[in-house]
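Subject: Structure handover and findings

Hello,

Here is the structure for you to look over. Please open it alongside this email.

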Amino acid sequence: MRFLIITHVFHKPKVQQWFAYAPYVREMNLWLKHVDEVEIVAPIAEDTPISEIDIAYRHNKIKFTHIPSVAFINFSSGLKSLLVIPFILLRLFQACRRADHIHLRCPGNIGLLGCFVQLFFPKKIKTAKYAGNWDPNAQQPLSYNLQKKILSNTSWTKNMTALVYGEWENQTKNIKSFFTATFKNIDREAINLRDYSADLNFTFVGSLVEGKRPLLAIQIVEELIKKGIPSYLKLFGNGILKVKLQQYIDQNNLGNYIVLHGNQTSETIKKALKTSHFTILASKSEGWPKALAEAMFFGVIPIATAISCVPNMLDNENRGILIEPNINDALVKIEDTLSNKNRLKDMSIQASEWSQYYTLDLLNSEIQKLIVT
C-alpha cells in the first residue's frame, strides 16, 4: 500500500531522514507500521536546526514531495500564497493519484487544499485527522469551518473517515471520535499520591504564545503565593512571549518560585510531572491537549479552560478543575478544591486511570482498523 500524508507541518531533512514536530511524527509512525510505502507532501523548514522537540519518521521507503507553505498573516505573505496555490494543488493532485490511501492532517491551509483535491478521488480510501476543536458551536476561522463542512459532508466526500476529538451530537456517519497518546502500556505505573497540604508544584507545558495563556498560569501561582500558599511553577516550552514572561517574573521577584525551562526532552518533562500536583493550560483553543493527557497519566490534576473536548477529558471536574480564563475565577476554583484533600486525591486517581487507558498500544490497534489494504 502507498500511503499519502498531506500536512502543513514543517519538515527538516538530515542524513536521508525527515524530522518534524515529535508528537505529530510519533503518531504518524504508528500509521506507517502498516503500510509499504509512504509519500509525504509538506513544506520544509529552510535553514532551521533540528531541536529537542523534533523526531524522525521510521520507515524505509519514504518519498518526500516539497511544497511551499501557505500563510495569510499579512499582505505580502497572502499574495505569495495565492501565487503558489495552483502549484500546490497540482502537486497534491499528482500525489493523490499515486496513492492507495489518502491521509489529511487538518485543520490548516494545506489541509484545506487537500480537502478540495480529495473530492476528485471518490473511490480511494481516505482518512483525515482533525487535530483542532471540532465543537460545532466554537468560534473559528472561516477556513477551519470550511474544512469541517467538507469532511463531514458525505455527499461531497466519499470513503472518508474523519477522526475528531470529543463526542458531539448530530454528526454524519463518517465522523469518528478519536484520541491520541504518548505513553505505552508498559509505562503505566501506580501514581504517587501527593500531599496537598505541603508545597504545591505546578507545571505548564506548551508554547509561550497568547493562545496558551502562559501569563495567566504565572499570575495564578503568583496570587496563591500572595495568599500564603507555598507554590512553585515550572514552564516548559518556548515562544514569542518568553522575554516578556521573564521580565514579568523578574519585575515581581518571582524567580525563586517560577522558572522558564524552555524546550526540554520528554524524559525531563516526565520527571517534572511525577512530582507535580497540578498542571495549568488555560488555552483559547485546543483539539486534544496532549499536555493535559500526559500530566494526567502520572496523576497530575489538570486546571484548564472548558474548550473543545476538555470538559469530557476532565469528566466535568471529576478529573480536574475547569476555570474561566481570569485570575479571580481560577483562584476561587483552586482554593475551593484545595480545601478538600480527599477530593484532590480522588481527582488524581481518576485522572491517572482515565489517561492510562489511552495508550500508544490502544492507539496503534485503532489505527490498524483504519488502514484498508
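This is a predicted model: local features need pLDDT of at least 70, side-chain atom pairs count only at pLDDT 80 or more; totals for chains, interfaces and linings use all residues.

Residues are numbered from 1 along each chain as its sequence is written, and side-chain values use heavy atoms, with hydrogens and water left out.

**Cavity**

Rolling a probe the size of a water molecule over the atoms shows where empty space is left. The search uses a 1 Å grid over the protein atoms alone. A cavity is a set of points where a 1.4 Å probe fits but cannot get out. A pocket is an open set with protein on both sides within 12 Å along at least five of seven lines. Lining residues have an atom within 4 Å of a point. Points are joined across faces, edges and corners, and a volume is the space filled by probe spheres set on them.

Searching the whole structure gives one cavity of 30 Å³ or more. The largest cavity holds about 90 Å³ of space. Its lining includes Thr180, Ala181, Phe183, Trp288, Lys290, Glu294, Ser355 and Tyr358. Helices H8 (290–297) and H11 (341–355) each supply at least two lining residues. H8 gives the most, with four. (Helices are DSSP runs of H or I, at least four residues; strands are runs of E, at least two; both are numbered from the N terminus.) By class, the lining has seven nonpolar, three polar and two charged residues. Here Ala, Val, Leu, Ile, Met, Phe, Trp, Tyr, Cys and Pro count as nonpolar, Asp, Glu, Lys and Arg as charged, and the others, Gly among them, as polar.

Alanine 181, one of the lining residues, sits in the loop between E10 and strand E11 (200–205). Alanine 181 is buried, at 6% relative accessible area.

**Second largest pocket**

The volume of this pocket is about 190 Å³. It is lined by 13 residues, and Glu167, Ser177, Phe178, Trp288 and Tyr358 lie nearest its centre. Strand E10 (175–178) and helix H9 (310–313) are the elements that give two or more residues. E10 gives the most, with three. The lining splits into seven nonpolar, three polar and three charged residues.

**Salt bridges**

Side chains of opposite charge can pair when their charged atoms come close. The rule is a side-chain nitrogen of Lys or Arg within 4 Å of a carboxyl oxygen of Asp or Glu. The count comes to 14.

- Glutamate 27 pairs with arginine 105, with closest N and O atoms 3.2 Å apart. Glutamate 27 is in helix H1 and arginine 105 in strand E7, so the bridge ties together parts 78 residues apart in sequence. Both residues are buried.
- Lysine 226 pairs with glutamate 222 at 3.7 Å, N to O. They are four residues apart in helix H5 (214–226), about one helical turn. Lysine 226 is exposed at 59%, while glutamate 222 is buried at 5%.
- Lysine 369 pairs with glutamate 366 at 3.0 Å. Both lie in helix H12, three residues apart. Lysine 369 is exposed at 61%, while glutamate 366 is buried at 16%.

**Backbone**

The peptide bond from cysteine 106 to proline 107 is cis, with omega near -5°. Proline 107 is in the loop between E7 and helix H3 (109–117).

Which residues other than glycine have a positive phi? Aspartate 47 is one of them, with phi near 55°. Aspartate 47 is in the loop between strands E4 and E5, and is exposed at 80%. Arginine 213 is another, with phi near 50°. Arginine 213 is in the loop between E11 and H5, and is partly exposed at 21%.

Best regards

Definitions and conventions: Buried means under 20% relative accessible area, exposed over 50%, partly exposed in between (1.4 Å probe, protein chains only).
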